[in-house]
Amino acid sequence: MTSRHRRYIRKPIVFFLVMGWCCTSLIRAQSPRVVKPFDHDWAFLPTDSAAGSDPALNDQDWVSVDLPHDWAIQTPFAASNPSGGTGAFATAGTGWYRKHFALPRRDAGRRIFIEFDGIMANSDVWINGFLLGHRPNGYVSLRYELTGHLLFGDGGSNVLAVRVDDSRQPASRFYEGAGIYRHVRLLIEDSVHTVGDSTFVSTPNVSRASATVQVQSAVQNDSTAPARVSLTATLINSEGHEVDAVASSTRVIPAGHQQSFDIAALVHKPEIWDIEHPVMYRLKLTVISDGKVSDTDLVHFGVREFHFDADTGFWLNGRNVKIKGVALHSDVGSLGMAAPLGAWEHRLAAMQQMGVNAIRTAHNPVAPEFLDLCDRMGFLVMDEMFDQWTVGKNPYDYHLYFKEWYLTDTRDTVRRDRNHPSIILYSAGNEIHDTPHPLIAKPILAALVDTFHENDPTRPVTMALFRPNTSHDYEDGLADMLDVVGQNYRTDELLAAHAQKPSRKIIGTEDIHDRATWLVMRDHPEFSGEFIWSGTDYLGESRHWPVIGDASGLYDRTDAPKPDGLERQSWWGDTPVIHIVRRVAPTPLAPTDPGYEAQQYRPRQVVFADWTPANLLPHDEQVEVYTNCKEVELFLNDRSLGSKPRNPDARPIEWSVPFQAGSLRAAGKNDTMACATETLHTAGKPAKLTLTVERARLSNSWDDIAYLRAAITDAQGTWVPDGHAALHFAVNGPGKIIATDNSDNADNSGFQHSDRAAFHGTAIAIVRATAAKGNVTVTVSSEGLGSASASLPIVTARDLH
C-alpha cells in the first residue's frame, strides 16, 4: 500500500521556513519596515458578545488559541447543523477573536497596518473600540490601517477585536470553515512607504540571452511635508547574488499624496521559471526619502514567457505544453480550512506524482502561501474568483454581497497575486447562473475583465462556463468577451465552438475522469488542456447524512491514490508507470454535469488495486494494467501469462486471469529495456499493524507537519484491503496529534481525536512538534493486532534539508 505513496523531497517547505526568517531579517536590517507575525495568543469566544469590541471587556475566560484557526472543524458534525450537506453538516455561528498587544513609544508617529490573509466570513474588525471595516468575502485578504487609534509605551495595551458571522446558513456549496483561518501580520512603516500590493514585477521580454524585468510601484507620503523620493530596484538570483540594480529618477511627492514609479532592469542569461525548473528571483525595492532609506519591499518573482494560441494551445517559454490540471478546494480534509503549508505540500506532491502540472483554485482565492508553494514546486495556476455572481446557489452565499464588493474583491486579489509566475489565468467565475440573462451577465463580465486587465495586463481571463449552449453564451457574445474560453464538461460543445470560430482559445475548466475526455484533450492541439474534477476528495457538497464529503477526487482525502488516479498517472506521468487493478464490473456512466444532478453521483467501487478478492475460490478475475511502458508481461505466481503492447487509445491492457492466491506481477518494457514493475500479493487474515512516516525529520513550526500512515497487514506484511479495526494513536515526546483521518466520507465522528476506525485497511495521523528539539514517537495500536511505532527527530528549519 505504501509503495503507491511518494517519498518526496521537501525543498519547498524548507525554503519557506528558512527564507521566511532570512527575508524578515533582511527587511529589519536594511529598512525601517517591521513585519511582525501576529498569529499567537488570541482569545476566542465561540458565540456572540454585545461587548466583544469593547477594549475594557474582561476576556480572561475566553479560549486561548493560535492562528490560523478554523473552529468549525473542531466541533461536532451533526445532521441538524444548518450548514447542511453542502457545508459538510459542520457547525456555524458567530464568534469573536481578541488580541492584546503593546507597542513601544518609538513606534508612535509611524504608519501601522494589520493584514489578514483570510477571515471566514462576514468579518468586522475593531482596534481599541474603533471599527476599521467590514468584509463579507471570507477568501480575500484584508489590510487595515491602525494609525491614529493606537496606544504606545505606558499608554496601555491595545485590543484588536474581530467578529466573524457565519450564522446564516447554508452559505456555500462546499465546506468553508469558520474563523480567522489564515495568517495575520502587523506592519510598521515610516511615513514615506510603498502602497500595499502596489509593487508589480513583469517580464515582458524573455530569451535565453536576457530578460527585461519591469517594476512598477507606488509610494505614499504620509508625512506633513513634501518628500524627495527615489526607488532602487535590486534583482537577486536564486543563489542570493545581486544581478542588477537600477535607480529611478528623484521625484517630489507632496504631503498626503502618492506617486507611481516605473523601473526597467535587465538580467543577462536569466534562469527561466518553468514547470520543470521553477527557479525564483527576488526584487528588493528600496525607497529613498530625502536621502535616507524609508522602506524596503521584498517581492519574489519568476522570469518566464507564456501565451495561449487558438490553433496550438498553451505555450511556456517557447515550448508547447498540455495543461494537465486538477481542481482543488481550499480545505485539506481533516485539518479543515486552517491549512498548514506542510499539508499543501503533501497534497501537491501527490498531485505532481500523478503527472499534474496545473491547479485550479476552486472556486475562490487561496492563501498567498499556497501560491508561493505553486511557484516553488512548478505548478501552473488558474486563479479563480467567484462561485456565484448575483444569482445565488444557496440562500446566504456571496450573491447577497456581490454587487457591492465584487470589483473591490477582484482588484485586491489580483494586486495581491500578480507577482506569482505560476499564475497563467484568472477566472471570473465558476458555473455562473447569471449567464442565461445576458443583459445582467455581460455588463458584469465586462467590468470584471476590465478590472483584471487594469491591475494585471499580462494575464488572460477565462471563466468556467456552465451549459453555454443552453444559455447561448457562444451566440450572444458573452464567451467572446473572454481571452480564453473555458467550459465545464461537454468537451464536444467546446470543440464545436472552436470550429465555429477558430480564433477562440479554449480550455476545459472542469472535466470528468473518463478516457474519452482525455483523448479529446490529447489529440486536439487547439485544446490547451483541462482541469479534472477533482484532484482530491473534499468536505461538503453532500446530498445526505451521514456523508460529509464528496468522493469525486482522483485521490482520497488523505492524499492516497484511487484507481482513477493510478490510471491518470499512466496518461500524464513523465516517469515509467505501471499499476495492476482488478475490475469487477463496468464503470458506471458519469453524469454530464456531476455537481448539479438531483442525486449525488456516488457509484459503487468496481476497480480494486489489490489481489485479494472477496471470493478466494477458483474463478476468473478481470485484470487491467495501467502503464506508459510500450509492453507489459503479466506473471501469476511467477508463471508468465504473456506480453501485450500498450494500447494507443490509452485503454488499459487487459487479461482474464484464473484466480490463484499468491502474487500477481506486471513487468513493463520499452523495447528491450525494463521500464517498471509492480507486484500485488494476496492478503491473509489481519495479523499486525505497520506505521509509515513519509519524512525523516520535523521542525517546530506551525506550518511543518508529518503524516503517518497506519495499515492493517497479514503476518507477512501484506496490506489487508478490507481491514476495518479500531485504531488508537498515541504520542510520546514533544509533539501532538492534530488530526486523524481514514478517507471515509461517511465517517462523521470528527477529526481532532486519537481514535480512528481503519477504512480499507488504513488510517492516518497528522503530527506537529511542540518544542524546538527532541524526538517524537507515534504509536498506533489495536486490540488483537498489537502496535507499531515510528519516530521523528525535531530539528531547526535550517537543518531540515
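Colleague: Which residues are linked with R33 in a network of salt bridges?

Modeller: This is a predicted model, and a search of the whole structure finds 44 salt bridges in it. Some of the charged residues form a network of such bridges. Linked with R33 in that network are E115, D117, R143, R185, E189, D295 and D297.

Colleague: Are R416 and D417 buried or exposed?

Modeller: These two residues form a salt bridge, with their closest N and O atoms 2.6 Å apart. A residue counts as buried when its relative accessible area is under 20%. By that cut-off, R416 and D417 are both buried.

Colleague: How far apart in sequence are the parts that D537 and K562 tie together?

Modeller: The side chains of D537 and K562 form a salt bridge, at 2.7 Å from N to O. D537 lies in the loop between β30 and β31, and K562 in the loop between β32 and α9, so the pair ties together parts of the chain whose separation in sequence is 25 residues.

Colleague: Why does D537 count as buried?

Modeller: The cut-off for buried is a relative accessible area under 20%. D537 counts as buried because its relative accessibility is 2%.

Colleague: Where do D741 and R557 lie, and how many residues apart in sequence are the parts they tie together?

Modeller: D741 and R557 form a salt bridge, and their closest N and O atoms are 2.7 Å apart. D741 lies in strand β45, residues 735-741, whereas R557 lies in the loop between β32 and α9, so the parts tied together are separated in sequence by 184 residues.

Colleague: Which strand pairs with β4 over 8 bridges?

Modeller: Strand β2, residues 42-45, runs antiparallel to β4 and is joined to it by 3 bridges. The pairing over 8 bridges is also in the antiparallel sense, and the partner there, residues 158-165, is strand β9.

Conventions
Residues are numbered from 1 along each chain as its sequence is written. This is a predicted model: local features need pLDDT of at least 70, side-chain atom pairs count only at pLDDT 80 or more; totals for chains, interfaces and linings use all residues. Side-chain values use heavy atoms; hydrogens and water are left out. A salt bridge is a side-chain nitrogen of Lys or Arg within 4 Å of a carboxyl oxygen of Asp or Glu. Buried means under 20% relative accessible area, exposed over 50%, partly exposed in between (1.4 Å probe, protein chains only). Helices (H or I, at least four residues) and strands (E, at least two) are DSSP runs, numbered from the N terminus. Two strands pair if DSSP finds at least two bridges between them.
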